[in-house]
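Colleague: I'd like to learn how to read a model like this one. Could you take me through some features, one at a time?

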Amino acid sequence: MLACPSFFAVMTRYLIGMGNYARQDDGIGLRIVEHIIDNHLDASFTAFEAHNDGLSILAHFVDDTEMILIVDCALIDKEPGDYLFFDVDDVDSKKLAGGISTHEGDILKIVGMAQKLGYPIPRVRVLAIQPASLEMEMKLSPTLESRLEEYVTVAISEVEKL
Amino acid sequence: MTAQNASIKVHHVTRVEGHGNIVVDIKNGKVETCEWRVPEAPRFFEAMVRGRHYSEVARITSRICGICAVGHTLASCKASENALGMRVSKQTDRLRRLLKHGENFDSHIVHVLFLVAPDLLGAPSVFPLVATHPDVVKKAVLLKKLGCDWASLVGGRSTHPTKVVPGGFAALPGNAYNPRMATEELKALKQMILDAVPMATDMYNVLLSVAGNIPNFTRETEYVALVDDAEYGLYDGKIGCLMPDGSREIVDVADYRSVTNEWVSPLSTAKHAKHNMASYMAGALARINNNYDQLHPEAKKVAEGLGFKAPCFNPYFNSVAQFIEVVHSAYMGVGYIDELLDMGLQDEKPVEPTKFGKGFGATEVPRGILFHEYEYDTDGFCTAGNCIIPTNQNHANIQEDMNKLVPEMISADKSEQEMELTLEMLVRAYDPCISCSTHYLDVTFKK
C-alpha cells in the first residue's frame, strides 16, 4: 500500500479550481479539480475547489508555498474552449466586484490583499478558459466538456513543471 | 438630505451572499415606499432531483449553496434516510455533528470578521482594514482556514462534501486508509482547534471594543430553530417556535410545513414564510434564543461578556450570536473528537435502505433552520422533493424590521446616508445567502 500523507501534510504547490457549478462553463475550474481528485492525479500537489471563496486561497500565501495555479473560466477574447496561461502580475481586473465575500472572489483582489498583509507571494498562475456559455445550467457546454481531459493534462503539466 | 425627504435605492447590497435590493422613499416625513426586494432567478433544484437515485440526491442539493453545502448535504441525507428507513450508527452521528460544527465555525468567521466587522469599524469593506488592523485580519484568515480544514477533513471537502452519503460515511476522516490513521488525523484536528481558541479570544476583545456601534433597535418577533434534548439545536432535533412572551411550541420535523407556511410576495422571486406572527426569524439569534441554556459554558462566558441576554430582540445581534456560536462550535468540536476517540473509530459501511417512501430532514445551517423532504419509489428513485432554506424564511422578517426601523430613523432625524447604512447593516446582520451569483474573471492584459 502506498504511504498516505496526513491530511495536514504541507504540500508546496496548489492547483485550485474556482467558479460556480450552476452557471454552466463557470464551473470548468471545479470540474477540472474534481476530475483530478477523483482520479488520484494529485500526488505531487494539493488540488482543491475554492468555488468563489477567495478567502480560502488567502491562507495559502505562506513561506512554504512554491506556486499556485488557479483554474478558472475567464473572458479572454478567444474562441470558446480555447485557453491560455498567465501570471496574475500580467493583468488588471476589469470586474466590478462590490467587495469581498464568499460569493465575490476575485483572485486578483486576493493577491492584492495578501500583498498588503505582508504575506509572501508565490508565483500565481492562472489557466484561463474562454466559456461558450454562462447560462443557468449544472453541466458544461459540449464545447468545454469535450476538452475536459485536455485541460486536466495541461493544468497538471503546468503545476508540475515549475 | 434629511430623513424627512429621502430616496434610498440600494441595488445589490454588498457583503451578502447573492443579490437583494433595498428601496425606501420618504416624502415630508411620510414613508411612501419601504421594500426589501429579492430579484434572484429561481433555480428549480426540486425539479432536478426528480428521477434521480437516492445516492445522487444529496450531491445535487448540496449545490443549492456553496456556503451551507455541508448543511444541505446533511439535511438531504437525513431526509433520504428517513424516507428509506436507514438508521445511521453512533459513529456516523458524531462525525456529522463534528462536521456541522466545522461548517458553522467557518461560515460565522467569514460573516462576522470579514463582512460585518467593516461596518462596526467604520470601513466600507475588509480591504481598508488590512492597513488599519492587519493583525486582526491575519488572525481572521487563519481562523477561516481552520474552519475550511476542519470541514474538509471530516467531509472530504468543505464545500460540497464527498464523504457524507445516505446511510453513513463513504470514507474515514482525513486521508486515512484505516481507523488508526483516522484517529491520528482527528487528534491533529483537535490540537488545531485548541490552538485557535486564543485567537478567537483576541477576536472577542475586538468585538467587545466595537459592540457600542451595533444599532440599538429591537422588534419582538417569533424565533424558529431546532431544539434538541441532547445538545444545543444544530444538527438534529425538533422545531422550536419561541414567542416574544417566552412561550414555545415544539413541532415535529415531519410537520415543518405547518411552520413555514410559504407565501409569494410581489416584491420577491423568493418565497416568504410566516407562522404565529406576520414573520419569524431563523439563524444564530433564533438558535441562541431557543437554546441558550445548552450553550457550552465557555460560549456562555463570551455571551455574558458581550452583554448578550436571551431572549434578545435586536436583529443586529445576530452577528454577536454568530460569534458566540463560533466559541460554542470550537469547544463542541473538541468534545465530539474526544468522544469519537474514546469510542474508537471503526471502518463502517453505510447502511442500506429498509423501505421506500416519504421522508423529512432538518438541520441548522449558519443562516438558520433548513428543511429537506423527498419521496422515493420502490427502486429508490426520487419522485418529489422540497427544500426550504433559511434565508427565504427570513425575508418577511427583514421586511417587518424595515417597516419598524425606517419610521424610527425618521423620528431620530437620521440623515439619508445614515439610514442607508443602517438598513444595509440590517440586511447584512441576517447573513442572507440569497443565491449563488456567477463568478468569472474579466481581465485586460497590461501592455
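Colleague: Which residues of helix 2 of chain B meet helix 3 of chain B?

Modeller: Residues are in contact if their C-beta atoms, placed from the backbone, lie within 7 Å. Here Y54(B), V57(B), A58(B) and T61(B) of helix 2 meet residues of helix 3 of chain B, including H72(B), S76(B) and L84(B). This is a predicted model, where local features need pLDDT of at least 70 and side-chain atom pairs 80 or more, while totals for chains, interfaces and linings use all residues. Residues are numbered from 1 along each chain as its sequence is written, and chains are lettered from A and ligands numbered from 1 in the order written.

Colleague: At what angle do the axes of helix 2 and helix 3 of chain B cross?

Modeller: Helices are DSSP runs of H or I, at least four residues, and strands are runs of E, at least two, numbered from the N terminus. Axes are lines fitted to C-alpha atoms over the stretch in contact, with angles from 0 to 180 degrees between N-to-C directions. Helix 2 (residues 54-61) and helix 3 (residues 69-84) of chain B come within 8 Å and cross at roughly 155 degrees. That is why helix 2 of chain B is roughly antiparallel to helix 3 of chain B, a word used for angles over 145.

Colleague: Which residues of helix 10 of chain B are buried?

Modeller: Buried means 20 or more other C-beta atoms within 10 Å of a residue's own, exposed means 12 or fewer, and partly exposed is in between. In helix 10 (residues 297-305) of chain B, the buried ones are A299(B), V302(B) and A303(B). They fall within an arc of 100 degrees seen down the axis, so they line one face of helix 10 of chain B; the arc is taken from the directions from the axis to the C-beta atoms. P297(B) and E304(B) are exposed on the face turned away. The cover over the buried residues includes helix 7 (179-210) and helix 11 (318-343) of chain B.

Colleague: Is the peptide bond from A310(B) to P311(B) cis or trans?

Modeller: That bond is cis, with omega near 0 degrees, and P311(B) sits in the loop between helix 10 and helix 11 of chain B.

Colleague: Where in chain A does pLDDT stay under 50?

Modeller: pLDDT is the predictor's confidence in each residue, from 0 to 100. It stays under 50 over residues 96-104 of chain A, while the mean for chain A is 84. Where pLDDT is low, predicted coordinates should not be read in detail.

Note on methods: Two residues are in contact if their C-beta atoms, placed from the backbone, lie within 7 Å. Angles under 35 degrees count as roughly parallel, over 145 as roughly antiparallel, 65 to 115 as roughly perpendicular and the rest as oblique.
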